[in-house]
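Me: Hi! Could you walk me through this model before I set anything up?
Reply: Happy to, let's have a look together.
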Amino acid sequence: MSTLFLRTLREDPADAEVASHKLLVRAGYIRRAAPGIYSWLPLGLRVLAKVEAVVREEMNAAGGQEVHFPALLPKEPYEATGRWTEYGQGIFRLVDRKGGDYLLAPTHEEMFTLLVKDLYSSYKDLPLTIYQIQTKYRDEARPRAGLLRGREFIMKDSYSFDVTDEGLDASYAAQREAYIRIFDRLGLEYVIVTATSGAMGGSKSEEFLSPTAIGEDTYVRSPGGYAANVEAVTTPVPASLDWADAPAAHVEDTPDTPTIATLVDHANAAHPRADRAWTAADTLKNVVVALTAPAGERSLLVVGIPGDREADMTRLEAALAPYGVEAATEEDFARHPQLVKGYIGPGALGPQARAEGVARGDEGDTAIPYLLDPRIVPGTRWITGANEPGRHVFDLTAGRDFVGDGTIEAAEVRAGDPAPDGSGPLELARGVEIGHIFQLGRKYAEALDLRVLDENGKQQVVTMGSYGIGVTRCLALLAENNHDELGLKWPIGVAPYQVHLVATGRDQAVFDAADSLAAALESNGIEVCYDDRPKVSPGVKFKDAELIGAPFILVVGRGLADGEVELKTRAGGTSEPVRVDDAVETVVARVREALVQ
């Protein structure tokens, strides 16, 4: 440590919010270069290399072959697939001195596809799985939590290429099993959940989420085994109701009721039901959102959901990708006077507004699109806005009085909701995505004309799978899950060093004994970080050792006079005296035991 490029910190960095960010900086693993961008120091690179080694070993064992693409890529392949515009502001674009457009790659589907197209042309060449471990770039609007959400990060991305759908299923299954082995070996807890593919496209999609309270992803699970990212949860659709005996819709004065709560209170006071009290679930809330297309065009959409639920912007964004989604602004309302804020109803929206426009002879279709929650089935009756200030419609019946342009999963998912597969009530949890696997199908192969000749000599479009692991994110989660108030506590398989050897005091005999122990341990294949700093106090050395987080700390100090050293186990917090003559054998045995657990 007298020559190790390292400075530990006693105080948390000002911009750090989560434990992994604080400790990786304080212990000298990474340093901030800019928001969401970090430099890697020697300790950090040692851990990163071990995480990457696990990934490589399992990728190779699953039949993958490693390649490496540039991070700086030309515009044309991404333009061919539409992602140059679909990514919107989410990617870094740049122009070279000759005026050529480039990007810093967020993912490499196009490059993998073109490489295979360049080299392979026959079904005999397939199946094929190739992968890389490469730096990626995304222009995160709000980078946070250190390595957990950065603008520059390291991913393993692999792609399978098959002629048939059955072949894709087999490749997908092989990658899925490899991911299970990787995360098991790393010691990361994970849940496999159904997911959406987002801008990547494709069909079958699963995420590996690591449960943690600091996670940005919400997922659900049921007692019967259903698990899904909240974005992918589908609502069980109720049966339609008979509206033959439903009363006619009627508009009532409802002054000062711009919110669901005030509306329900007024309805119960002025228009009580005979059978039960009105609740928020009887109201139809119409939420106005602004959509931004990848090319920048802005438009409005109204989503109808039961009034007892909030709109979930994450679910909306997933359903409407690649459009950006945000709440409508005052300027948006000003441009659309038919939207009476707080009193919006179906009459001014979608098919109803278009039908009214046709009846009036209006030219063009200017009605704002209107999408409904799946629970709003024909025959259900609602209180909703009458498109006039201070007035609402009662008993407005879906199917009879209004319809939508379609349905959308936009309402929040709540604990206790039924699982889509009938496996019981849902519970909600938070997690961080560490892996994502999905079947791309033929989207990219068709866009880039990747075809091979089949056994009959006919051209067939290749079908693809895509499989990603957040390598730096895994490292951050290992730090997040393995620490205490003193510092990091690395699992032995990824620790920068297996043993932290500390020489304390100023007696030369202590340093001579520590020198011999360090050499003997290294000759036995043990990775040793040796704190040989002669003028640093024992207290500082102990604090650094605990902060850095090697699994074992071997202390050579005052006990040497009695022929003993002290062996500490960082994870368990235990400590034991060991005879100097037995120290090497004992430490080697403990390290090997830990490695096989």
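Me: Where does Pro127 lie?
Reply: Pro127 sits in the loop between helix H5 (109-119) and strand E7 (128-137). Helices (H or I, at least four residues) and strands (E, at least two) are DSSP runs, numbered from the N terminus. A cis peptide bond joins Leu126 and Pro127, with omega at about 5°.
Me: Thanks. And what kind of model is this, and how are residues numbered?
Reply: This is a predicted model, where local features need pLDDT of at least 70, side-chain atom pairs count only at pLDDT 80 or more, and totals for chains, interfaces and linings use all residues. Residues are numbered from 1 along each chain as its sequence is written, and side-chain values use heavy atoms, with hydrogens and water left out.
Me: Good to know. What joins Ala321 and Pro322?
Reply: A cis peptide bond, with omega of about 10°. Pro322 is in the loop between helix H8 (313-320) and strand E16 (324-327).
Me: Now phi angles. What is phi of Asn387?
Reply: Phi of Asn387 is near 65°, a positive value in a residue other than glycine. Asn387 is found in strand E18 (residues 381-388).
Me: Is Asn387 buried, exposed or partly exposed?
Reply: Asn387 counts as partly exposed because its relative accessibility is 21%. Buried means under 20% relative accessible area, exposed means over 50%, and partly exposed is in between (1.4 Å probe, protein chains only).
Me: And what about Asp395?
Reply: Phi of Asp395 is near 60°, a positive value in a residue other than glycine. Asp395 lies in strand E19 (residues 391-397), and at 10% relative accessibility Asp395 counts as buried.
Me: Changing topic: at what angle do H2 and H12 pack?
Reply: Helix H2 (residues 42-61) and helix H12 (residues 471-481) pack at about 115°, with their axes 10 Å apart. Axes are lines fitted to C-alpha atoms, for helices over the stretch in contact, and angles run from 0 to 180 degrees between N-to-C directions. H2 and H12 are therefore roughly perpendicular to each other; angles under 35 degrees count as roughly parallel, over 145 as roughly antiparallel, 65 to 115 as roughly perpendicular and the rest as oblique.
Me: Which residues make the contact?
Reply: From H2 there are Gly44, Val47, Leu48, Val51 and Glu52, and from H12 there are Val471, Thr472, Cys474, Leu475 and Leu478. Contact means heavy atoms within 4.5 Å.
Me: What does Phe183 touch?
Reply: Not counting residues up to four places away in sequence, Phe183 touches Leu188, Tyr190, Phe208, Ile434, Gly435, Ile469 and Cys474.
Me: Last one: how many helices and strands are in the protein chain?
Reply: There are 15 helices and 31 strands. The C-alpha trace spans about 100 × 70 × 50 Å along its principal axes, and 49% of the 597 residues count as buried.
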